[in-house]
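This report goes through one protein model element by element. Keep the sequence and the 3D view open while reading.

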Amino acid sequence: MRRITAALGLLALLALPPQAEAGRKPELTYLVNLNDRAADEFNVILQVKGLSKQNDVYQFAATAPGTYQTMDIGRFVREFKAYDKKGRELKTTQISTNQWQLSKPEKVRRISYRIAETWDTPVKENTVYKMCGTSLEQDHALINGQGVFGYLKGLQATPLRVKLDYPQSWLVGTALKLDDKGYYQAENFDQIVDSPILAGTLTKAESNFKGTTIAIYTYSKTGKVASQALMANMTAMLEAANKFVVDFPVDRYTFLYHFEDQEMGAWEHSYSSEYVFREKELTPEFAQHITDVASHEFFHIITPLNIHSEVISQFNFVTPTPSQHLWLYEGTTEWASDMMQLRNKLIDLPAYLTDLREKLYFNDRMDPNYSLQKLALTSYTPEGQKQYGNIYNRGALTAALLDIRLLELSGGKRGLREVINELSKEYGPKKAFPENDFFNIFTAKTYPEIGDFFDRYVKNAEPLPIADYYSKLGITYLPVVKTNEQKPFLGYDFTVTPEGAIVFVEVADELAKAGLHNQDQLIAKDGVPVTLQNAQEELMKLVAAKPGNKITYTVLRNGVKQQVSTTVLQRDAVQKHVFELNPQATPEQLALRNSWLQNM
């Protein structure tokens, strides 16, 4: 019966006049050819019918959720064309960096274009973060949706499907669901952007974790890292996360790993996350680093998948509107990724406190007058990008203090974890909270004192009360401790320009004589490229440097790369951001510390 009905429907459609056909619900099918990879360009065809005059602009993304950067994907588009049902080319006009106008949208049946991969295509400004970009090589392809696909005006929310043409030997990893005809289905353009695709010579591991299917797909350039090993190392973290959030709110989750020549970071999504790491042997230390990053990205299944503002519910890819609650999406997530490991004994208390020290070191380098709210609202601007990294540091520190305050006010019974889980159940993937009311909603769910906390430490930039709050747990915090010893002194500091460049400042005279200048841009350290994404990890390695050690920096000065060799100096030693357990902690402090450590 279904076959007869479908046949009659097809005959009826063929018989419809053009006006009636145009009035039908548009059908969108994207075809992506991954077989022709020589030119580092994706060949894309959009098969479409049912357009109206209102669908006259094809839009590429200016940015994407969770990146907080300008991408302008239209810069990578080549030979954008549109055709009617007889294959005749229709006029198209590029009207802005990211927009092409169709002269007769109601006649369009096919749109085609080539779009260059972002990894290997040089641009003069606004370089796309690699973990959010695209790559097309002989043995693999990485697709982040906004880097390959666009959408027609008025059809951002329209269902679509994608067919990939690729070598038979390749595997494809994605959270998108595949139908029985080989098409990946998406509810709308937002879901395509929210579902990266990794294809190529991959390894795969899959397991069912308490009702949630966990899949790992891995591209490793020389095969040093395999999905099975990553899965084995991730099991304890998944167990900790499951306890922390009280069962996963998703039925499936996909980890996509890319190991090659660069360490670039990760990008979270609703049902997946994607990682770009430098390939090396999977030592216990490297495995722990991978797990630490994964724990952060995985927790995004709570924020922002289940707790998010109306501002980002349907993302504005043309002119993005920032949400002031970046402290929740990234700061709270970073706090949770550490806290779930501490409370499940995957890391011990000294390791956790060391991580707090590193976050405080990073915070020292940022503008102390730049609030978390301001950081969020300016995150798409050069000014905000200069401070952006602090959302993972000051943001996480603020969440840690909020957790302590909530536990204190509730007598150790209800911390930030509990409130977040309650909010997750109240809202969810399809129900957003009101952007301007969320601070009041959170406060009403907790205590009046929390409103004051938000006013002081999120909306404004008052100094964080680290010592006061950790003393409630019987942990002493000292900003500076003199040691009467000599210690290594690198002889400079760093800052980040509005364009995202890492530059040297306050260069000591001894290093200036060696050839290092103020405002030199850091490109690499001892041959290892340094970027905003890996700067914290690479520069923290300098803590282990000893007086007399040689360090070679590659710097950019007046547009010319230079190598400068320096020697580590020494100075009177001080320790900064010291945490110690108070041996004279009161019973009340010990009780709150116990609740804080075991609050699961």
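Helix H10 covers residues 394-409, 16 residues in total. From first C-alpha to last, H10 reaches 22 Å, close to the 22 Å expected at 1.5 Å a residue. The expected span is 1.5 Å times one less than the number of residues. Helices (H or I, at least four residues) and strands (E, at least two) are DSSP runs, numbered from the N terminus. Of the 16 residues of H10, 14 are buried, so H10 is largely enclosed by the rest of the structure. Buried means under 20% relative accessible area, exposed over 50%, and partly exposed in between (1.4 Å probe, protein chains only). Just after H10, Gly411 takes a positive phi of about 65°.

This is a predicted model, in which local features need pLDDT of at least 70 and side-chain atom pairs count only at pLDDT 80 or more, while totals for chains, interfaces and linings use all residues. Residues are numbered from 1 along each chain as its sequence is written, and side-chain values use heavy atoms, with hydrogens and water left out.

The structure holds two cavities of 30 Å³ or more. A cavity is a set of points, on a 1 Å grid over the protein atoms alone, where a 1.4 Å probe fits but cannot get out; lining residues have an atom within 4 Å of a point. Grid points are joined across faces, edges and corners, and a volume is the space filled by probe spheres set on the points.

The second largest cavity has about 40 Å³ of space. Its lining consists of Glu334, Trp335, Asp338, Tyr352, Asp355, Leu356, Lys359, Ala396 and Ala400. Which helices supply at least two residues each of this lining? They are helix H6 (326-343), helix H7 (349-364) and H10. H7 gives the most, with four residues. By class, the lining has five nonpolar, no polar and four charged residues. Here Ala, Val, Leu, Ile, Met, Phe, Trp, Tyr, Cys and Pro count as nonpolar, Asp, Glu, Lys and Arg as charged, and the others, Gly among them, as polar.

**Sheets and strand pairs**

Two strands pair if DSSP finds at least two bridges between them. An open sheet of eight strands runs in the order S5-S4-S8-S2-S1-S12-S15-S14, with mixed pairing. Strand S5 (89-90) and strand S14 (177-178) are at the edges; each has a single partner strand, so one side of each is left without a neighbour in the sheet.

An open sheet of four strands has antiparallel pairing and the order S9-S10-S16-S13. Strand S9 (135-137) and strand S13 (171-174) form its edges, each with a single partner strand, so one side of each lacks a neighbour in the sheet. On average, neighbouring strands of this sheet are turned by 10° against each other, direction ignored. The axes are lines fitted to C-alpha atoms, and angles run from 0 to 180 degrees between N-to-C directions.

| Strand pair | Bridges | A residue and its partner |
|---|---|---|
| S4 (77-83) and S8 (110-116) | five | Lys81 and Ser112 |
| S23 (493-496) and S24 | four | Asp493 and Val505 |

Strand S24 (residues 502-505) is covered on both faces. Ile502 and Phe504 lie on one side, Val503 and Val505 on the other, and all are buried.

**Backbone and loops**

Most residues other than glycine have a negative phi, and most peptide bonds are trans. Asp40 has a positive phi, near 60°. This residue is found in the loop between strand S1 (27-33) and strand S2 (41-49). At 23% relative accessibility, Asp40 is partly exposed.

Gln519 also has a positive phi, about 75°, although it is not a glycine. Its place is in the loop between helix H15 (509-514) and strand S25 (521-525). Is Gln519 buried or exposed? At 52% relative accessibility, Gln519 counts as exposed.

The peptide bond from Thr303 to Pro304 is cis, with omega near 10°. Pro304 is found in the loop between helix H5 (284-298) and H6.

Pro434 is in the loop between helix H11 (416-426) and helix H12 (438-445). Pro434 is partly exposed, with a relative accessible area of 25%. Pro434 and Gln324 are 110 residues apart in sequence and 11 Å apart in space, C-alpha to C-alpha.

Conventions
1 Å grid on protein atoms, 1.4 Å probe; cavity = no way out; pocket = protein on both sides within 12 Å on 5 of 7 lines; lining within 4 Å.
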